[in-house]
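Here are some friendly notes to read alongside the structure.

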Amino acid sequence: MTTDNENLFDKEKSIDPKRKVERKDGEPTSAFKGASLAALLIGVSAYLLGLYNAVMELNEKGYYFAILIFGLYSSVSLQKAVRDKEEGIPVTNIYYGISWFALIIAILLMAIGLYNAGSIVLSEKGFYGMAFVLSIFAAITVQKNVRDTQKAREID
């Protein structure tokens, strides 16, 4: 026979308002996921805001916008190809090579475009370069987080 005090203690143990949601093995933390997504949003937003406010021809703005999209896509594609290869998922050499080539071309096009842009001051060139690099790095990190989370949840 249990006393009322024992029942009270059992109820307190079962109702824990500060219960932590357990992460799966290999899943990134919520803080890392949030920081990665924030870096991507900040990088892309800053880049696009800079383009919107830039005093340049519309075709120049289109060039820099296309390079950003090309760089983001190629970096995510390369991350997927590298990860697939590492996990033993078949990746053709042509796709793997094209992924590397596309990212290198995107970075080179950005560098060449900024180097040859006479209408952009040096500080603005640095801004575009840094926002571009931040966006590419963050896109890779967000893709990695998505993949790690999916893999961790499939294991359970």
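1. Let's begin with K80, which makes a salt bridge to D84, with 2.5 Å between the closest N and O atoms. Please keep in mind that this is a predicted model. Both residues belong to helix α3, and because they are four residues apart there, about one helical turn separates them.

2. How exposed are the two partners, K80 and D84? K80 is partly exposed, since its relative accessibility is 36%. D84 has a relative accessibility of 7%, so it counts as buried. Buried means under 20% relative accessible area, and exposed means over 50%.

3. Side chains of opposite charge can pair when their charged atoms come close.

4. Next, have a look at R147, which forms a salt bridge with E87; their closest N and O atoms are 3.0 Å apart. This pair joins distant parts of the chain, 60 residues apart: R147 sits in helix α5 (residues 122-155), while E87 is in the loop between α3 and α4 (93-116). R147 is buried, because its relative accessible area is 12%. E87, with a relative accessible area of 28%, is partly exposed.

5. Which residue of helix α5 pairs with E87 across 64 residues of sequence? That partner is K151, and the closest N and O atoms of this salt bridge are 3.4 Å apart. K151 lies in helix α5 and E87 in the loop between α3 and α4, so the bridge ties together parts that are 64 residues apart in sequence. K151 is partly exposed, as its relative accessibility is 38%.

6. K80, D84, E87, R147 and K151 are among the residues linked in a network of salt bridges. The network also includes R83, K144 and D148. Across the whole structure, a search finds nine salt bridges.

7. Finally, let's go back to helix α3, which spans residues 58-86 and contains S77. Is S77 buried or exposed? S77 counts as buried, because its relative accessibility is 9%. Apart from its neighbours within four places in sequence, S77 is in contact with Y95 and S99. With S99 there is also a polar contact: the side chains of S77 and S99 are joined at 3.4 Å.

Definitions and conventions:
Residues are numbered from 1 along each chain as its sequence is written. This is a predicted model: local features need pLDDT of at least 70, side-chain atom pairs count only at pLDDT 80 or more; totals for chains, interfaces and linings use all residues. Side-chain values use heavy atoms; hydrogens and water are left out. Helices (H or I, at least four residues) and strands (E, at least two) are DSSP runs, numbered from the N terminus. Buried means under 20% relative accessible area, exposed over 50%, partly exposed in between (1.4 Å probe, protein chains only). A polar contact is a pair of N or O atoms within 3.5 Å; within protein, one must be able to donate a hydrogen and the other to accept it, and residues adjacent in sequence count only if both atoms are side-chain atoms. Contact means heavy atoms within 4.5 Å. A salt bridge is a side-chain nitrogen of Lys or Arg within 4 Å of a carboxyl oxygen of Asp or Glu.
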